[in-house]
Amino acid sequence: MHAIYQYQEFFVDYLEKQTISKEPKNLYEPIEYIVSLGGKRMRPVLTLMSSEVFDVSYNEALPAAMAVEIFHNFSLVHDDIMDDAPLRRGQKTVHEKWDLNTGILSGDAMLILAYQYFEQYEPNTFRELAKLFSKTALEVCEGQQWDVDFEQRNDVTIPEYLKMIEYKTAVLVAAAMKMGAIVAKTSEENANLIYDFGLQLGLAFQLQDDYLDAFGDPETFGKQVGGDIIENKKTYLYLKALAYSDDEKAKQLKELFTTQPEDSTDKVEIVKGIFNNSGASKETKDAIEMYTLEAFKTLDKMDISDEKKLSLRTFGENLMGRKV
């Protein structure tokens, strides 16, 4: 097993050797652009790590990790179009740098490119990877649609929200880990357990994202703090605050989430105050810890060494304590 930063370096080295740039340039240059913008590379790192958890070199898992990263970036290109987002990782989004049609078509091409990386595996492994990938890709689309639907609804429940983030975010984290297990040809039980481990961590990761969006440090978070509040997104924090506030505060919160003032500074501060005073902030932190601990429970059932269990546990703990 290697350190997280080493897996990141291994993956970036592999990524830089890939030849994506072809003709027509307006199809492939946007793909190179979005993939090269960086990010934490969490999902491909998990694929590499999980192959080594089951005693197969990370080298074997690099094509699967590449498929995961290309798919993740495909979903970001299309998400940015749907959200009309101007920036991604501090740089212009694809549809802003080029145009809307280019963003749609380049995104489509990325989905196909992702599948092509599985062709580097022998038929049985290819079939298992493609089957998991198809299931996951469809679930991510379902999660995105729920997210869009929820913007128009005022009756979203906490179970509905959790299902949405499971599909939109957590299933890809889980699939990234299971792909490493498939490449390693471990037992079906181990592969399913590491999927469950990834699913719980993915839920914790998204709830942490919700929390950091409101309460993160602007210097380290990498995105606009309070962005979800400005955009009136009904996150876990918002839903918990509604459930825990008295009628007057709940009414105020609902009213605030129907406005988009030019200067949102006061709105963000008032909403954060309601999140804190209602207990929603604490509830969200407790939920992050709960899902992380659920992930750790699956480690006990996995047929791997204590040393490897410790590596996975350390990764989960670092995720729970992240500031970015």
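Which residues do ring pairs link into a cluster? They are F71, F74, Y115, F118 and F133. This is a predicted model, and its aromatic pairs come to a count of 11.

**Y33 and W98**
- The ring centres of Y33 and W98 lie 5.4 Å apart with the planes at 70°, so this pair is edge-to-face, as angles over 60 degrees are.
- Distant parts of the chain are linked here: Y33 belongs to helix α2 (residues 25–36), while W98 is in the loop between α5 (94–97) and α6 (100–117), 65 residues apart.
- Y33 counts as buried because its relative accessibility is 15%, and buried means under 20%.
- W98 has 22% relative accessibility, so W98 counts as partly exposed.

**Y115 and F133**
- Y115 and F133, two members of the cluster, also form an edge-to-face pair, with 4.8 Å from centre to centre and 90° between the planes.
- This pair, too, links distant parts of the chain, with Y115 in helix α6 and F133 in helix α7 (residues 123–151), 18 residues apart.
- With 28% relative accessibility, Y115 counts as partly exposed.
- F133 is at 2% relative accessibility and therefore counts as buried.

**Charges over rings**
- W98 has a charge over its ring as well: the charged end of K97 sits there, 5.6 Å from the ring centre.
- For F257, the charged end over the ring comes from K267, 5.6 Å from the centre.

Terms used:
Residues are numbered from 1 along each chain as its sequence is written. This is a predicted model: local features need pLDDT of at least 70, side-chain atom pairs count only at pLDDT 80 or more; totals for chains, interfaces and linings use all residues. Side-chain values use heavy atoms; hydrogens and water are left out. Rings of Phe, Tyr and Trp (its six-membered ring) pair if their centres lie within 6.5 Å; planes under 30 degrees apart count as stacked, over 60 as edge-to-face and the rest as tilted. Helices (H or I, at least four residues) and strands (E, at least two) are DSSP runs, numbered from the N terminus. Buried means under 20% relative accessible area, exposed over 50%, partly exposed in between (1.4 Å probe, protein chains only). A charge sits over a ring if NZ of Lys or CZ of Arg is within 6 Å of the ring centre and within 35 degrees of the ring normal.
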